[in-house]
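Here is a short briefing on a structure. The sequence and model come next, followed by notes by topic.

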Number of protein chains: 2
Amino acid sequence: MSAISIHPIEGIGEVKPGDTLADLLIDRFDFHPLDVVVVTQKIVSKAEGRLVTVGEDPGEHEALVESESVRIIRRRGELLISETSHGFICANAGIDYSNVERGQAALLPLDPDRSARRIRDGLVARTGYEVAVIVSDTFGRAWRKGLTDIAIGCAGISAIVDLKGTSDHMGRELQVTEICIADELAGAAELVMGKARSVPAAVVRGIEPEWFRESSVRAEIVRPPQEDLFR
Amino acid sequence: MSAISIHPIEGIGEVKPGDTLADLLIDRFDFHPLDVVVVTQKIVSKAEGRLVTVGEDPGEHEALVESESVRIIRRRGELLISETSHGFICANAGIDYSNVERGQAALLPLDPDRSARRIRDGLVARTGYEVAVIVSDTFGRAWRKGLTDIAIGCAGISAIVDLKGTSDHMGRELQVTEICIADELAGAAELVMGKARSVPAAVVRGIEPEWFRESSVRAEIVRPPQEDLFR
């Protein structure tokens, strides 16, 4: 198997409501067939105008988190872990104050799978290539410190690759083998996004061609509450 | 910033107790300075002789999980989520039946940070290069379906990069910015490991030179129970 490479897309600059991300990406990067573009939530939210004005008062922040949540899962001091309308469990309902204008906050895209699909449609239309898109965000985890970038939306790429029934090299069926490649791709892309995170998109090149298909984070990755042991 | 590349290390074949992994890796790959080698738990456990005989009876499996755990966290049917002696929360205490001989099971390394350090010492001694090592394993997560590869041990590379105080490109301090690059590197490496997972090691090349330093998964990533909201 050959190598995979990860390429930052630099020079995107400030994204404004109404911008067409597919155009911004194509103008700055020479796409190949079967590229996977990982785009951070921040520029997706900005392009979609998901910005709100919020004051400095902690009560205002808390009210905003609650309005963006369907359920508060845990609360410790100012930290709120909640479930968003998308079914994501994360801190502060994914609301982000960095790299936005002071006094503003960026909310999560309303439907990140649809956001990914829209970007993908634009890329496919302009390049004529089969490419895939992942919208990523930076989330914490239970049990482990530190944050990682994960997929909140995807289009054109398997969210999860099911290796059930693929035999291991000793000829037996593998046991539990549903690999969430969308999250691994999002985390891999984060590695080139730079220390001050001024690079908001990256391309992963060289992944298995058979992983390209229609898919959705919401349908494939979000674990329904009734199957979940930890909320 | 330039690209990152991920290279599978192929042809390692069957690893046996007593094998020196650093030698097996060097014989099959042309290392460069500042390479990060990700080695899967499976071959580390085999090289370290962490294999036990276990019968087909589910009771035997359950007793083994319990003996490898300090605490059972959740139980649903045959699925046991437990805390291992290392502080990892995972299914079946990380015990693995795939790619081992029938009737055997591979246990987690006793001290995966030490395993990583031993491999790194061997690589540094033979190449003279600064390189880093991550021992990876495939774990599930709360709230999200699918498994991802994460770091269970590391040597020579930051487990977590603290971007606190690094200002964003609008000049303000970033908020929560402790990125667990060890887990992102482990997940990235998984992407080249192949469908039947017959590639047990990969090299990530091109990451930030300042991320190389002494570190430990246990000290930096494992969240102490008293800080944890989800067990």
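**The central sheet**

In β12(A), A:V204 is the bridge partner of A:I6. β1(A) and β12(A) run antiparallel, joined by 4 bridges. Strands count as paired if DSSP finds at least two bridges between them. Strands (E, at least two residues) and helices (H or I, at least four) are DSSP runs, numbered from the N terminus.

This is a predicted model, in which local features need pLDDT of at least 70, side-chain atom pairs count only at pLDDT 80 or more, and totals for chains, interfaces and linings use all residues. Residues are numbered from 1 along each chain as its sequence is written, while chains are lettered from A and ligands numbered from 1 in the order in which they are written.

*Sheet across two chains*
- An open sheet of 10 strands has mixed pairing and the order β9(A)-β8(A)-β2(A)-β12(A)-β1(A)-β1(B)-β12(B)-β2(B)-β8(B)-β9(B).
- β9 (148-155) of chain A and β9 (148-155) of chain B stand at the edges with a single partner strand each, so one side of each has no neighbour in the sheet.
- β1(A) and β1 (residues 4-8) of chain B pair in the antiparallel sense over 3 bridges.
- A:S5 stands opposite B:S5 in β1(B).
- 4 of the 5 residues of β1(A) are buried, so β1(A) is largely enclosed by the rest of the structure.
- Buried means 20 or more other C-beta atoms within 10 Å of a residue's own; exposed means 12 or fewer, and partly exposed lies in between, with C-beta atoms placed from the backbone.

*Helix and core*
- Helix α5 (residues 181-190) of chain A lies across β1 (4-8), β2, β8, β9 and β12 (201-205) of chain A, together with β9 of chain B.
- α5 of chain A runs at about 125° to β9(A); axes are lines fitted to C-alpha atoms, for helices over the stretch in contact, and angles run from 0 to 180 degrees between N-to-C directions.
- A:I134, A:A182, B:I134 and B:A182 touch the most other members of the largest nonpolar core, which has 135 residues.
- Such a core is a set of buried Ala, Val, Leu, Ile, Met, Phe, Trp, Tyr and Cys residues joined through C-beta atoms within 7 Å.
- Not counting residues up to four places away in sequence, A:A182 touches residues including A:I134, A:C154 and A:I221; contact means C-beta atoms, placed from the backbone, within 7 Å.

*Domains of chain A*
- An automatic or database domain assignment sets the bounds: domain 1 (1-49 + 109-220) and domain 2 (51-108) of chain A.
- The C-alpha centres of these domains lie 24 Å apart.
- Each domain gives 12 residues to the contact.

Conventions
Contact = placed C-beta atoms within 7 Å.
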